[in-house]
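Here are a few notes from going through the model. Have a look at it first, then read on.

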Amino acid sequence: MSKAPIAELPKSVDPIRLAEQNRTLEGVVPLKGLARFREAVPGLQDGSECHVKLSFYQDSERRRVVSGELSAPVTLECQRCMTDMHTTLESRYDLGLVINDEQAQRLPKALEPFLFEDFSADLWAMVEDELLLVLPPFPLHERDECPAKEDLEALEPSNVASEPEVKKREDNPFSVLAGLKTTKH
């Protein structure tokens, strides 16, 4: 039995209606359709997709909220060894759906604002924003998995000599300043 392919997430939806209906959307977003993300992650493999689950609802104070989960396998360049590093970007987030800055300012700190207009929210832009936020600024292999592991170990002395103890100064280094303060000029 083969698994049916997951449908593509719609690009644009009416988030107010989805929140009032307490709906959940699940699907994929092709990474090639996210221009800003493509610029940040050169060398994306053809057919790369981000798996997304979005739950729209109204909280106890009737604010419209979307809780999201995403997962996207990507290849980044390790900044330690400069070779390909396969990793999965993952995020869980809660966004308050707002139509203006005034509503955004009234959101509790637990909710980040997601601004939309004319009863239409761009879900792909939402996903792209979250992917950019979880993108590591300096991707690194785990130390034990990095091809540069041997070079790193060679640069680090195996038996770190204890640093010579610094002789404690018994007199106050600022005592000279104290003397200047009491001296009249």
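Which residue caps the N-terminal end of α4?

1. Asp122 does the capping, with a side-chain oxygen 3.1 Å from the backbone nitrogen of Trp124. Keep in mind that this is a predicted model, where local features need pLDDT of at least 70, side-chain atom pairs count only at pLDDT 80 or more, and totals for chains, interfaces and linings use all residues. Residues are numbered from 1 along each chain as its sequence is written, and side-chain values use heavy atoms, leaving out hydrogens and water.

2. Helix α4 covers residues 123-134 (helices are DSSP runs of H or I, at least four residues; strands are runs of E, at least two; both are numbered from the N terminus). Its buried residues include Leu123, Trp124 and Glu128 (buried is under 20% relative accessible area, exposed over 50%, partly exposed in between, with a 1.4 Å probe and protein chains only).

3. Arg36 and Glu128 form a salt bridge at 3.2 Å, N to O (a side-chain nitrogen of Lys or Arg within 4 Å of a carboxyl oxygen of Asp or Glu). Arg36 sits in helix α2 and Glu128 in α4, so the bridge ties together parts 92 residues apart in sequence. Glu128 is buried at 8%, while Arg36 is partly exposed at 41%.

4. Asp129 also bridges to Arg36, with the closest N and O atoms 2.6 Å apart.

5. Over in strand β3, have a look at Phe56. Phe56 is buried, at 1% relative accessibility, and touches Leu123 among others (heavy atoms within 4.5 Å).

Note on methods. The expected span of a helix is 1.5 Å times one less than its number of residues. A polar contact is a pair of N or O atoms within 3.5 Å; within protein, one must be able to donate a hydrogen and the other to accept it, and residues adjacent in sequence count only if both atoms are side-chain atoms. Lists of a residue's contacts leave out its neighbours within four places in sequence.
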